[in-house]
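User: I would like a close look at one part of this protein, namely the ligand site and the domains around it. Please take it step by step.

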Amino acid sequence: MEFELNEEQKMFKESIKNFAEREVAPIVDESENEESCPVGLFSKLGKLGYLCPGYPTEYGGGGLGEVGTCIMVEEIARICSGIASGLMVQSGLATFPIWAHGSEEQKRKFLTPAIKGEKISAFGLTEPNAGSDAAAIETTAKREGNNYVINGNKIYITNGTICDFVTLAASTDRSKGSRGISTIILEKDTPGFSVAKMRKLGHHSAATGELAFDNCRVPLDNLIGEEEKGFKYMLEALNPARISHSARSLGLAQATFDASLNYAKERVQFSQPIGKFQAISFKLARMATAIEAARSLLYRVARLFDQGEECRKEAPMTKLFSAEVAIRVVEEAMRIYAGAGYLAESPVQRYFRDAILYCTTEGTTEIQELVIYRAFA
Ligand SMILES: Cc1cc2nc3c(=O)[nH]c(=O)nc-3n(C[C@H](O)[C@H](O)[C@H](O)COP(=O)(O)OP(=O)(O)OC[C@H]3O[C@@H](n4cnc5c(N)ncnc54)[C@H](O)[C@@H]3O)c2cc1C
């Protein structure tokens with residue numbers, strides 16, 4: 001079932017699908033095995049206008065809104081979720097605060113080069129003592145003359161080891177809690193800034209880093225929007241990011257289904273393809289149904305967002321639902337593949353390792369549940 005896309009969106013879907021199969025698929029194994037992010041993809045996609053398809057064309061984007069971002073993320077994630085995760089952060093999370101609240105100078109210096117793939121961005125919110133409770137961050141930014149002096153740590157930061165700048169949450173007044181947080185752009189060459197690679201269960205081709213700030217001096221001009229509005233800006237960025245995260249889950253779920261269907265047609269036991277056993281065919285039927293339900297919800301929410309709705313409950317709903325669908329689908333795939341799925345060279349073992357992350361990033365499933373319930377309470 002094809003979700004109703006307009007002509008421009010359909011053409012974009014076709015183009016990005018071809019790009020993913022031609023340019024991404026051949027480098028997945030090497031990137032995953034060597035645990036390295038293929039950074040060249042940022043500029044390749046940027047030159048074509050595919051990297052940040054949601055932003056307006058005047059900044060180098062595709063002018064295709066959140067639906068366009070989701071199409072890009074879904075198609076790349078169908079090939080590799082690890083690679084999609086870095087592109088997804090670039091296409092929204094890390095650039096959104098600059099787009100929404102940045103000065104024209106910040107847009108010229110950071111947003112446009114990010115959209116074109118000339119600069120890589122990261123979103124620095126999570127810390128060792130502040131995960132779900134993001135308001136508890138301990139990184140500080142103290143004013144000194146024309147600078148902020150930044151001290152603290154961030155962990156699990158996607159694109160952390162390859163970024164040119166970080167869109168960073170730091171407290172300019174810790175006594176105010178979340179109301180004392182500001183969003184500041186920190187460039188990678190800032191003295192006192194260091195990055196360490198974090199190794200992971202899955203998403204090996206994503207460049208995940210632990211960031212340390214030791215008396216990093218950043219110009220006051222790098223403050224995004226107003227001081228002490230940063231927590232609001234970061235949460236605001238998380239909303240569309242949850243929609244595109246849902247597209248990532250969906251892309252992986254679709255890839256898993258496609259692989260499982262092929263395997264069920266090819267693998268013969270008891271003199272017939274295993275897909276002919278009702279136990280296997282019913283699994284595939286349920287996988288396909290869940291994926292279609294997730295796709296319908298996702299693109300409805302993306303379209304709502306493009307119509308100017310905040311989607312405060314709908315964005316976490318689609319994030320939560322797609323994550324659970326992806327996790328269910330990979331579990332079923334492992335049963336369909338059985339022993340063959342457990343081998344290192346099997347495609348589904350990567351999907352299995354990657355999917356389990358979806359209940360954590362962009363807020364855990366439990367945090368989505370909290371946010372959804374609060375919208376009704
Ligand atoms: C690979 C990867 C990439 C990431 N990329 C980024 C990034 O680019 N930028 C960034 O800033 N962060 C990033 N993160 C961090 C991610 O957003 C956090 O891991 C996530 O928010 C959860 O925080 P935590 O891991 O500290 O879990 P915790 O907050 O310690 O949660 C542990 C458990 O307690 C539950 N819990 C906590 N509070 C509540 C509550 N109030 N009610 C019910 N249950 C609760 C959680 O749901 C979870 O089950 C990334 C993480 C990973 C693993």
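How many Å apart do the C-alpha centres of domain 2 and domain 3 lie?

Analyst: In this predicted model, the C-alpha centres of domain 2 and domain 3 lie 30 Å apart. The domain assignment places domain 2 at residues 121-227 and domain 3 at residues 232-376, with domain 1 covering residues 7-115. Where domain 2 and domain 3 touch, nine residues of domain 2 and nine residues of domain 3 take part in the contact; on the domain 2 side, these comprise four nonpolar and five polar residues, with no charged residues.

The ligand brings these two domains into view again, since its shell draws at least three residues from domain 2 and at least three from domain 3. In total, 21 residues surround the ligand, and the closest are L125, G131, S132, T364 and E366. Among the secondary structure elements, the strands β1 (121-124) and β3 (147-158) and the helix α12 (365-376) each supply at least two residues of this shell. Sorted by class, the shell holds eight nonpolar, 11 polar and two charged residues.

Key: Residues are numbered from 1 along each chain as its sequence is written. This is a predicted model: local features need pLDDT of at least 70, side-chain atom pairs count only at pLDDT 80 or more; totals for chains, interfaces and linings use all residues. A residue is near a molecule or strand if its C-beta atom, placed from the backbone, lies within 6 Å of it. Helices (H or I, at least four residues) and strands (E, at least two) are DSSP runs, numbered from the N terminus. Ala, Val, Leu, Ile, Met, Phe, Trp, Tyr, Cys and Pro count as nonpolar, Asp, Glu, Lys and Arg as charged, and the others, Gly among them, as polar. Domain bounds come from an automatic or database domain assignment. Two residues are in contact if their C-beta atoms, placed from the backbone, lie within 7 Å.
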